[in-house]
Amino acid sequence: RDSFLREFVRLEARGDAPWSHTCHGLPGCTNEPTVHCRDCEGLQLYCQSCIVSLHSAMPLHNLETWTGTYFQRISLRELGLCIQLGHPADIQCDNPVRAFDFTVLDISGIHSVTLLFCNCATANTHTVQLLRARWYPATTTDPRTAATFRLLNHFQMYTFESKGSAFEYWQALFRLTDNTGTKPPKDRYESLLQMSRQYRHLLALKRAGHAHDVCGVLGTQPGELTVPCLACPQPGRNLPPDWDSAPPDKRWLFALFLGIDANFRMCRRNKLSEEADPSLSKGWAYFVEESGFKRLLAEHAGQTQEKSSCASHNAVNLADSKNMRGLAATGIGAVVCARHNFKRPSAVGDLQKGEKYVNMDYLFFSTLMHSSDLAVFNVSYDIACQWSKHLWTRMSHYPVQLHFSPGGKTITFLVPKFHLPAHIPACQTTFSFNLIKGMARTDGEAPERGWSNINPIATSTRKMGPGSRRDTLDNHFSDWNWRKVCNFGPFLLQKLKEAIPQRDQHVLDLGDFEEAIPTESLTSWRQMVEEWEADRSRPNPFESTAVPVTQASVRLELSQAEADQLKRGLDVSLHAEVSPSVLIAAGTDLEAQQHRLATDKALIGMHSTDIQLSALQQRTNALRCRLEHWVKIQTLYMPYVARLREMDDLHSESEEEAVHNIKLWLPSAVLKLPMPCDINLTRIEWKLCVAQAHEALHELRQHLRLKRHLTGFKRDWITGQRAHTRSRGIIDTVQKKIDAAATKYNIAWSALEVLAKALLEVDWMNQFPKLEKEDIRGMTEDQAAGESQTEGRRLVAISWIWKQRHGAGQEELSDAMRIEWCKARARANRWSEEVELLQEEMRRVSAFLEWQTEWWEDRASPRTWLDGMENEGVSAYAHRQAAIRLVLSWSGPEPWFEPDFWSGSPRFGPRFSHQPEPDRKTVLGSRSSPTVPFWFGPAEPFRTVIDFDFDCDNFGLHVKLLSSGFAPLINQATFSLFKGKY
C-alpha cells in the first residue's frame with residue numbers, strides 16, 4: 001500500500017526532467033511547458049499554444065496548469081480555443097457567428113466553450129451543424145446547450161442497467177465538473193431530460209428503418225417501434241408457407257402464448273396534462289395510443305364490474321375501489337409473450353383505478369391486431385376464469401378497430417401456475433397449463449418476471465408527466481426485449497438441455513406406471529382423457545367423480561335427520577343443547593385430541609423450555625375441562641358408563657390419571673367388554689368412523705404423493721449440506737403426517753371392527769382392509785413408506801389404499817388412481833411438447849433473423865428522395881443492421897450444435913418437427929469426398945441419418961452441411977467440431 005500511495009502522490013508533481021522541462025507539442029517549440037491533459041494518455045507537459053493546437057479535435061478534454069506549486073484546473077476555453085462548426089478541422093470560417101455562452105454536456109463533465117457557427121452562403125442551420133458534430137442541441141431555435149452523442153448513449157445505458165434517475169446522473173456530471181461547489185456549472189438538468197428523451201425516440205425510429213421509408217416519421221404505424229419476439233409465430237417472417245395447413249395434431253406448434261397482468265407499483269402522480277407533456281411515440285411502441293384509449297374508458301366509465309364467482313379475487317372485486325388519491329394512474333396493465341417474456345406491441349396502458357376489465361380488454365385486443373393471422377392463441381391471466389366469461393360480448397361494444405373474430409380460431413384461456421392454487425378446484429383443472437394439451441411447459445408467469453426488471457424505475461417515473469413516463473417506459477421495454485434477442489441462443493439451448501432429460505424420465509415413469517394398471521382401466525381412461533382434450537365440455541378426467549365422505553358431511557347428515565325427527569314430533573335428545581349425534585361426534589373429537597396430546601408429550605425432550613411446557617400444560621388443562629363437561633352429558637345417554645368409570649378408579653394406582661389416558665367409553669369401547677349399548681348411538685359412531693376412515697385414507701394418499709415429490713426434488717435439485725438438512729427436515733415432517741394419518745385410520749378401523757358385529761355389517765372389510773405397514777407406500781413404491789424399488793423397471797402390485805372397493809369380490813382402481821395416471825400422462829406429454837416446441841422456436845429464431853437480414857439488405861438500395869451522402873448513410877446503416885442479424889443468427893445455431901451434449905455422436909439440436917422426415921438424405925459437399933453418417937435429431941425416437949461431408953484444412957476439422965429443405969436452422973453452414981489437428 002505504501003508503494004501505491006507514493007505513486008499516487010508522485011502523480012501530483014510535474015514528473016521527471018525529460019517530461020517536465022520540454023514541451024512535447026509541435027516540433028521545435030521552446031516555450032515553457034506548464035499544462036497537461038487529464039484525459040490524454042501519458043504525463044507529457046505542453047505549452048499553452050501547443051496544447052490548444054493539439055486539442056482542436058478534442059475540445060472537451062479537461063486540462064490542468066502548473067501554478068508554480070501545484071496543478072490547477074483550467075479549460076481550453078480559457079486558453080483561447082474556439083470550436084468551429086460547419087468546416088473540416090483546422091479550417092476557419094470566413095464569416096463565423098459566435099454562439100452566446102454555449103454549454104456542452106459530456107461524460108467528462110459540463111463544459112462552457114467558445115463556439116463558432118459557419119455563416120457562409122451555403123451554411124446549414126445551427127441545429128444541423130451541431131448534429132454533424134455529434135452534438136445534440138437542446139432546442140432548434142438559437143441553441144445554447146448541447147449534449148454529445150457519447151453522453152446520451154452513456155446515460156441511456158446507465159439507466160438501462162442501474163435504473164438510476166436522470167437527477168442522479170446529472171449530479172454525477174455536476175461533481176465531475178466541480179466537486180467542491182466553489183465554481184458550480186450552469187444548471188442544464190431540464191435540458192438533459194429533454195435531449196435524452198428526444199434522442200432515444202429518434203434512435204427508435206432509426207432502428208425501425210423509418211429513415212429508409214419514403215413516408216418518414218409520420219408513416220409510422222402503431223407498434224412499429226418495438227423489438228419483436230423472434231421465436232413467436234409471425235406469418236411471412238418465421239413460419240413456413242404451409243403453416244396454416246398443418247395437421248390438427250400439429251397446430252399447437254404455431255400457437256401464440258400471451259400473458260396478461262397489471263402492476264400497481266408503476267403508478268404516476270397527478271402532474272402535468274397530456275397537452276403540457278404529450279408523448280413522442282403516439283402509440284408507435286408498447287403503450288397504446290392515449291386518446292383512443294381514454295375515449296373508450298370514458299364511454300364505459302359508469303359500468304360496474306361483476307363480482308368473482310371463483311375465489312374472492314381482489315383483482316376482480318376491488319377493481320372499482322382502488323385508492324387513487326393524488327394519482328393520475330394507479331399502475332399499468334400489459335400483455336406479454338408468455339413463452340419468452342417479450343413486451344408486445346400496443347400492449348401497455350395506464351390503470352385509472354383497479355384492474356378493470358375494460359382496461360385489460362383494450363390492451364388485449366390492441367395487441368391481438370398485430371397477430372390476427374394466427375389460428376391458435378393461448379391466453380394466460382391470473383383471473384382468466386372471470387375475465388374470459390363475457391369477453392366477446394364486451395368486445396361487441398368496443399370500436400370496430402378492436403373487433404377480433406374468434407371464428408375458425410382456437411383460443412384457450414389459462415391461469416398462471418403460481419396463481420392457480422388460489423382458485424377453486426374446478427378452475428384448477430379447467431385452466432391449468434399442466435393439464436391442457438399443447439401448452440408444453442409454459443408456466444404463464446412471464447409478466448411477473450418482467451415486472452421485477454422494471455419495478456426499480458418506478459421511483460423515477462411516478463413523478464414524470466404522462467408523455468415523458470410513457471416514452472421512458474417504452475425505451476426500457478425495448479432494451480428488455482433487445483437483451484432477450486441477444487441471449488436467445490444460450491437461452492433456448494439451456495431450456496432444451498433441461499427438457500430432454502425430463503421428457504425421457506417422465507415418459508419412462510409413465511410406462512412403468514401403466515404396467516401396473518389393468519388394460520381395461522387404462523383403455524377406458526385413455527379414451528376419456530383424449531375425448532376431453534378434443535372437447536373440454538366433456539367430463540373432466542382430472543376431476544373426481546366420487547362424492548367425498550367426510551366427518552363434516554356425516555355430521556350434517558345426522559343433524560338433518562334429527563331435524564326431521566323434531567318436525568315429526570320425535571325428540572330423542574336428553575339434553576337441551578347436546579343431541580346424540582353431537583355427543584358421539586364430540587367424543588370422537590376428544591379422542592383425536594387425546595392422541596395428539598400423547599404424541600406431543602412423547603416428543604417433549606429433557607431440555608424443553610418453559611414456554612413449551614407452559615403451552616403443553618395449557619392444552620392439558622383445557623382438554624381436561626372439556627372431558628369433564630362431556631362426561632357429565634354422556635351419563636345422561638349412557639348411564640352404565642358411570643359404573644365403568646368407578647371400576648377404573650378402583651383399579652387405578654395413581655391419584656389422578658393422565659388426561660390423554662382417560663377412557664371415554666364410546667359405544668365401540670362398551671361393546672368390546674361385552675356390554676349392551678344403545679343401538680342409535682352405535683349407528684351414529686359407525687357412520688362417523690366410516691367417514692374418519694375415508695378421511696384418513698385421503699390424507700394418507702395426499703401425504704404419500706407429497707413425499708414422493710419432495711424426495712424426487714431433493715434428489716434432482718438440492719445440493720449442499722444446509723439445503724439437504726432443511727429438505728430432510730421437511731420430508732420428515734411429511735412422514736410424521738403420514739404416520740398420523742395411518743394412526744387415525746387404525747383407530748377408526750378398530751372401532752369399526754367392534755361396531756360391525758353389533759350392527760351385523762358383513763362386507764365392511766372389503767371397503768376398509770386392515771392397514772399393514774407394507775401397505776403404506778406410493779403408487780410406484782415397493783416397500784412401506786420407502787423409496788421406489790423396481791425390478792427390471794416393472795412395478796409390483798399397487799397397494800390397496802389406491803383402490804376403491806365396493807362390496808365382496810368387487811374391486812376397481814379408484815378415482816385417485818385415475819387422476820394420478822392422467823397427471824402422469826400430462827407430465828410426460830407436456831415435457832415431450834416442450835422439447836418439440838423448443839426445436840420449433842429455434843427454427844423460428846433463425847428464420848426470423850434470416851428474414852430480417854434480407855429486410856435490411858433491401859433497404860440498402862439508394863433512395864431517390866435523398867442526396868448522395870444521405871444515401872450512403874442509409875445504405876451503411878442498413879448493411880450494418882443486416883450484419884448484426886447475421887452475427888446473431890450464428891450466435892444461436894453455433895452453440896446448439898454440441899457433440900458433448902447429445903451423449904454420443906454429434907447431433908444438431910433444432911429440427912423442423914412438423915415436416916415429414918426423409919429416411920435418408922445425402923448432403924454433397926463442395927468437392928467429391930466420402931460422406932460420413934451422423935445421427936441427426938434430438939432423441940432416439942426422432943433420429944434421422946444425415947450424411948456430412950468432411951472438409952479438412954490446416955485449421956481443423958470442419959463439417960459442411962448443405963441441406964436445402966430439411967431441419968437445420970441455417971443451410972450451407974460450416975461448423976467447427978474440433979480445434980487443432982485431427
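This is a predicted model: local features need pLDDT of at least 70, side-chain atom pairs count only at pLDDT 80 or more; totals for chains, interfaces and linings use all residues.
Let's zoom in on one member. Phe8 sits in helix α1, which covers residues 2-10. Is Phe8 buried or exposed? Its relative accessible area is 59%, so Phe8 is exposed, since the cut-off for that word is over 50%.

## The whole chain

Now step back. The protein chain has 982 residues, and 48% of them count as buried.

What about contacts? Take those in the chain with a separation of 6 or more: residues 24 or more positions apart account for 70% of them.

## A five-stranded sheet

Five strands make an open sheet in the order β14-β13-β10-β15-β16, with mixed pairing. The edge strands are β14 (343-351) and β16 (410-414), each of which pairs on one side only. On average, neighbouring strands in this sheet are turned by 20° against each other, ignoring direction.

Strands of a sheet pair through backbone hydrogen bonds, and they can do it either parallel or antiparallel. Strand β10 (residues 256-263) and strand β15 (residues 376-381) run parallel and are joined by five bridges. If you want a spot to check, Leu256 stands opposite Phe377 in β15.

## Helices against the strands

Helix α10 (residues 357-368) packs on the sheet, where it touches β10, β13 (331-337), β14 and β15. The direction of α10 makes about 160° with that of β14. Helix α16 (residues 466-486) lies across β13 and β14, and runs at about 145° to β14.

## A glycine tucked away

Last stop: Gly444, in the loop between α13 (425-430) and α14 (446-454). Why does Gly444 count as buried? Because its relative accessibility is 4%, and buried means under 20%.

Which residues does Gly444 touch, leaving aside those up to four places away in sequence? They are Ser380, Pro416 and Phe433. Phe433 and Gly444 are 11 residues apart in sequence, and their C-alpha atoms are 7.8 Å apart in space.

Key: Residues are numbered from 1 along each chain as its sequence is written. Side-chain values use heavy atoms; hydrogens and water are left out. Helices (H or I, at least four residues) and strands (E, at least two) are DSSP runs, numbered from the N terminus. Buried means under 20% relative accessible area, exposed over 50%, partly exposed in between (1.4 Å probe, protein chains only). Two strands pair if DSSP finds at least two bridges between them. Axes are lines fitted to C-alpha atoms, for helices over the stretch in contact, and angles run from 0 to 180 degrees between N-to-C directions. Contact means heavy atoms within 4.5 Å.
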